[in-house]
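Here are some notes to read alongside the structure.

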Amino acid sequence: MTPAQAHAGASGDHKRYFFDKFGITERLLERCLGEALSAGGDYADLYFESVASTSIGIDELLVKSASQGVSAGCGIRVVSGERTGYAYTDDLSADRLLRAARTAALIASGPAKQPVQGFTETKSPNLYPAPAVELDTDLAKKLELVMRADKAARAFDSRITQVRASYSDEIRRILVAASDGTFASDTQPLARLNVFILAKENERTARGTSGGGGRVEIDFFELDKSPEHFAREAARQAVLQLGAVAAPAGEMEVVLGPGWPGVLLHEAVGHGLEADFNRRKTSAFSGLIGQQVASSKVTVVDNGTMAGRRGSLNVDDEGSATQETVLIENGILKTYLSDKLSSRLMKMGHTGNGRRESYQQIPMPRMTNTYMLSGDDAPEDILRSVKRGLYAVNFGGGSVDIVSGKFVFSASEAYLIEDGKITAPVKDATLIGNGPEALKYVSMVGHDLALDEGIGTCGKDGQSVPVGVGMPTIKLDRMTVGGTGR
Amino acid sequence: MSTTVEAIDLKTLAADIVAKALKAGANDAEVTIREGDEFSTTVRMGEVETLKESGSRGVGIRVLVAGSNGFRVASTSSSDFTPDGIEHLVNGAVALARVTSEDPFAGLADASEFGQLEGDLKLFHEDVYSLPTEERIAHARRAEAAALAADTRITNSDGGNFDAATGHKVFANSRGFVGEYRSSSCSISVSPIALGKSGEMQRDYWFTYARSLAKLETPESVGETAARRTLRRLDARRVKTQQVPIIFAPEIARSLIGSMFDAASGDSIYRGASFFTGKLGEKVADESVTVIDDGTMVGGFGTSPFDGEGLPSRKTTIIERGVLTNYLLNTYTGRKLNMKSTGNASRGLSGNPGTGSHNLYLVSGSLTPEEILKSIPAGLYVTELIGQGVNMVTGDYSRGASGLWIENGELTFPVQEITVAGNLKDMFQNISAIGSDLIFRGSVASPTLRIDGMTIAGE
């Protein structure tokens, strides 16, 4: 955390980090796994995690806050049939690790089992940089980024009254060792720039937000997406909202723009296709593999292997390789997103989607980057085809009831479409639909697939993980828009 | 189970860290130490699915370095309690303060403002950990079994849970405040799943939550209520887009009380980021509405002896008979508005203090929920809301909803896949009936509320 704090691990040598800094040895890993299986159990794993984070923000032209944090710990899991025992410790001494292993072992009751002898390291790509330097060596650069964002936002329009810009990043180091011989380690950077803006005109106030990043180093914000880009985007939205009219209410044609509106997929189908819900048969998608769940124009994938993306991982949090998984192909449901437990119990392929928020949490199937592939339609033609409807291009977020399949997502930038033309911007409105049905109404798919700019955080059972979404421009013939107008 | 160092040690440690920070160049400092233990188990379809038991702790420091035009502020946090770890924590924070700005409004409260509530606030009960593991599992199992046994249409379950947790919080600052408190909680919850005629599944849930094991409702009553709530959702329909009176069930209405708090929160007020900005002393809700934040209720879920800055918790009336009477403030937002803190500072391990509620509630009215229903020829009784859909800057409100349709004063068929929308400014003014059924099932509570003039979007 401090400039003085030295880390022995150089870029790429993730394993040595825990070995050198905390005195972990392969022998200790084996002892802990042995202890974890001392009361039986089918499987055990250890998840070591060390996170260093920084955050700096500008607010009302002042740098009112800067913070840094470090945390480290280990979570130990024992699986016995469908049962999971879990314990964690933030003290990585051998004593405490063995004690946690014994606590987790209580889930099983039977003769001791032996872990597989020797570890096999998971082959993993290099999807993102593994920073060799400490986060705070770039503090001046980070400050410069938020100041540039602040300046660009204020210069955008005289109606802008408040600007807050913040930069936050973390380096997460993990090491996974399991009784099936799995051994994996990774260094995962994650950075994000955020801008929040208020604009005021007469008695009306409106907000605009923007942000982005990914598993990138700070030069991403120089070379790829500048602070000015995010600042102008937030400012544009705030000013636009000053003139927004009431959103319409009821069922209508809806066109979703490319990129972040892909949150539709995350809520409408993504969560419902996570294997844990389907193993328990508690998802509206349970038993629908091989069946039509979307129009034939729809192909949806989850892909954890995209370079630098927020949802990408070299290895998942169970030490498995990530992959590209086709979830829906030409409207037909192909598979679920699985972790080790689900794939074993359901006897299905393992997709490398076992993730967790931290060492304090049990892993479960989660999405990575989830998107719809491009179709053939020109975005202009899609808009032109709508007589009366809504064109939504930015969203606040969404939510889903897995069991019933009902999902919502809330538009923060949307426009009326009248006779094929975009007319007035509308106020925030929630869109609602039924997951297994909604995508059957996709009648046009644009050729303009885009991924979001790196802002997604997904929550499930109280655990948050970074994710990505993406989509081309699409048209849904029917969707319910929750406004107050006609 | 506990891995805690003795309480006296943590208070001493916090004070020591404050002293180290002053020595390292800070003019003021605040230290927070938190430790917690948790136990949770899930039983699904009668079988134990997960069993989790652990504890962790963390320490955070916030330093203030004086300049000619205010303090520079920075903070660090860590899970490393070794002497080296603490030294990095302190030096890191002081070094970080070099890059932040002098802020004339930053700074600790005046020494005269610090203090804490005396006496036993009954926040901690050792009994939450008194049950052996098998008994805890049995609580979760009994709750689920009661739900599964309630009706043959309940065919599946997201499980029954028993959770217990204890926390210990220590706070010290360089103006002489040192305080600590322990808290406990435990809960039983269950989420049954029912199968409808068309093959559609529905789930709902119910829970009991208390600071003491002895105060929990029985697992059976939790299971039975969860089953009843789930069954009433079966075979739900959509309804047409229309404007009708809407009744918010207490467990849903509480989110609206949370929005009232957020709207009155000092941070949003001084920025002009709330639709309550500039409305102090004005009528912001129907005159039947009184909303109170009370940090002093003995045993309350939102009670604490002191707030995130070491000021004593207190009782603040936010809205009195429809008039906005107070903003909710910490020291910083108070200074920005030229007012005094209301003792509503919240705090994580790092970062500047935020604003948080204590026990927040809307004062009961005189009508039973049945009497409120009776007054409505056609309307919606909302039992669940999903999605974020609330814009605190403009008050625009649009959320996914499900519930029961009201016809001639009676609950009839279940409704789903619709939205309810309006603007909070109007919604608060249009509260036309308040129930007598205020019960705290968490730190925020509301009785049943009727609101007129909202739009349902559906078919």
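1. B:Glu49 has a relative accessibility of 9%, so it counts as buried; buried means under 20% relative accessible area, exposed over 50% and partly exposed in between, with a 1.4 Å probe and protein chains only. This residue sits in strand S2 (residues 47–67) of chain B. Its contacts (heavy atoms within 4.5 Å), not counting residues up to four places away in sequence, include A:Glu82, A:Arg83 and A:Arg280 from chain A, as well as B:Thr42 and B:Arg44.

2. A word on what you are looking at: this is a predicted model, in which local features need pLDDT of at least 70 and side-chain atom pairs count only at pLDDT 80 or more, while totals for chains, interfaces and linings use all residues. Residues are numbered from 1 along each chain as its sequence is written, chains are lettered from A and ligands numbered from 1 in the order in which they are written, and side-chain values use heavy atoms, with hydrogens and water left out.

3. Now for chain B as a whole. Its secondary structure comes to 9 helices and 22 strands, counted as DSSP runs (helices H or I, at least four residues; strands E, at least two) and numbered from the N terminus. The radius of gyration, taken over C-alpha atoms, is 24 Å, close to the 23 Å that the globule rule gives for 459 residues, so chain B is as compact as a globular protein of that length. The rule is 2.2 Å times the number of residues to the power 0.38. Of the 459 residues, 59% count as buried.

4. Next, have a look at the open sheet of chain B, where 8 strands follow the order S8-S22-S18-S17-S16-S9-S21-S19 with mixed pairing; two strands pair if DSSP finds at least two bridges between them. Strands S8 (242–243) and S19 (431–434) are the edges, each pairing on one side only. Strands S9 (residues 246–248) and S21 (residues 449–451) of chain B run antiparallel and are joined by 3 bridges. Within that pair, B:Phe248 has B:Leu449 as its bridge partner.

5. Finally, a helix pair. H3 (residues 133–149) and H4 (residues 219–231) of chain B pack at about 35°, with axes 7 Å apart. The axes are lines fitted to C-alpha atoms over the stretch in contact, and angles run from 0 to 180 degrees between N-to-C directions. Among the residues making the contact are B:His139 and B:Ala143 of H3(B) and B:Gly223 and B:Ala227 of H4(B).
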